[in-house]
Amino acid sequence: MCPSMFITFEGPEGAGKTTLIRALENRLRDEFERVVLVTREPGEGHFGRQIREILLQQEEVTDRAELFLFLADRAHHVETVIKPSLARGEIVLCDRYVDSTVVYQGHARGMDIGFLRNMNAFATDKLRPEITFLLDIDPEIGLVRQVDRDRLGRMPLEFHQRVRRGFLREADLDPERFIILDAERPAPGVEEQAWMFLAERLRS
Ligand code: T5A
């Protein structure tokens, strides 16, 4: 039996991360009898919910303040939620993590990517996911799927196109960790592709 495992889910807006995480959570419990922790960034727990509210619901957040809020949320989340769960031998499924900062604040907003990688390493105490599922989707399709658009969801289409390209670039740089899923297909197809990979990894 595989010990604890840290898995992250990334992609543009409305790619279907939450939907996929729910499906994988159920299958991990039913088919492998594993204890699963589902969590997200930003917004886990009381601390995270308050940061999420500032980040996504206020109209005015400067770029540097935005970065530090995402990092503060992550630092707290890693120490209080993710590390304890991994220490208990659980499987952690996390909706967005370090790659969202590199992509949204770096590739899309234009902040220095080397600096962002260092800040992520500091915030997470160098905790890296073993697997990252990238749900790749044309932002024009993803944005239509989103019911409520928050402050970042309302950014212009060009911003979201940079986000998509940024994620694909990051996946190119780290092919061992990233599994790219075609998220434009119906949800069962996306789930099956992710499950085939994950079940195989758990059996090995
Ligand atoms: N951010 C985050 C940063 O800028 N820097 C950072 O460091 C971090 C951590 C987070 C925002 O913050 C930014 C990125 C984001 O802009 P969020 O609420 O977490 O905000 O935003 P999203 O992650 O984009 O959340 P969404 O809920 O919009 O997208 P999901 O979770 O990818 O999609 P999901 O599963 O909720 O599905 C959306 C809709 O599509 C349907 C679902 O039923 C649902 O209605 N759907 C499908 N429809 C057709 N085909 C499929 N395959 C479908 N899969 C789902």
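I count a polar contact as a pair of N or O atoms within 3.5 Å. The model I am reading is predicted.

**Entry 1: the ligand**

I began with Arg 74. An N or O atom in its side chain is 3.0 Å from an oxygen atom of the ligand. I then looked up Thr 101. A polar atom of the Thr 101 side chain lies 2.6 Å from a ligand oxygen. At Gly 16 the backbone takes part: a polar backbone atom there is 2.9 Å from an oxygen atom of the ligand.

How many residues surround the ligand? I find 25. The closest are Lys 17, Thr 18, Thr 19, Arg 52 and Thr 101.

I went back to Arg 74 for its surroundings. Arg 74 also lies over the face of Tyr 97, at 5.7 Å from the ring centre.

**Entry 2: the sheet**

Next I traced the strands. An open sheet is formed by 5 strands, in the order β2-β3-β1-β4-β5, with parallel pairing. Which strands are at the edges? They are β2 (36–40) and β5 (178–182), each pairing on one side only.

I followed one pairing in detail. Strand β4, residues 131–136, pairs with β5 in the parallel sense over 5 bridges. Within it, Leu 134 stands opposite Ile 180 of β5.

**Entry 3: aromatic pairs**

I searched the whole structure for aromatic pairs and got 6. I wrote down two values for each pair I opened, because a pair of aromatic rings is described by the distance of the centres and the angle of the planes.

One of them is Tyr 104 with Phe 159. Their ring centres are 6.1 Å apart and their planes stand at 55°, so this pair is tilted. Tyr 104 sits in helix α4 (residues 98–108) and Phe 159 in helix α7 (residues 157–173). The pair links distant parts of the chain, 55 residues apart. Are these two residues buried or exposed? Tyr 104 and Phe 159 are both buried.

I then opened Phe 133 with Phe 197. The ring centres are 6.1 Å apart and the planes are at 90°, so I call the pair edge-to-face. Phe 133 is in strand β4, Phe 197 in helix α8 (residues 187–203), and 64 residues separate them. Phe 133 has a relative accessible area of 0%, so I list it as buried. Phe 197 has 25%, so I list it as partly exposed.

Last, I checked for a cluster. Ring pairs link Phe 9, Phe 133 and Phe 197 into one.

Terms used. Residues numbered from 1 in each chain as written. Predicted model: local features only at pLDDT ≥ 70, side-chain atom pairs only at ≥ 80, totals over all residues. Heavy atoms only, no water. Pairing = 2+ DSSP bridges. Helix = DSSP H or I, 4+ residues; strand = E, 2+ residues; numbered from the N terminus. Phe/Tyr/Trp six-rings, centres within 6.5 Å; stacked < 30°, edge-to-face > 60°. Buried < 20%, exposed > 50% of the residue type's maximum accessible area, 1.4 Å probe, protein only. Lys NZ or Arg CZ within 6 Å of the ring centre and 35° of its normal. Near = heavy atom within 4 Å. Polar contact = N/O pair within 3.5 Å; in protein donor to acceptor, adjacent residues only side chain to side chain.
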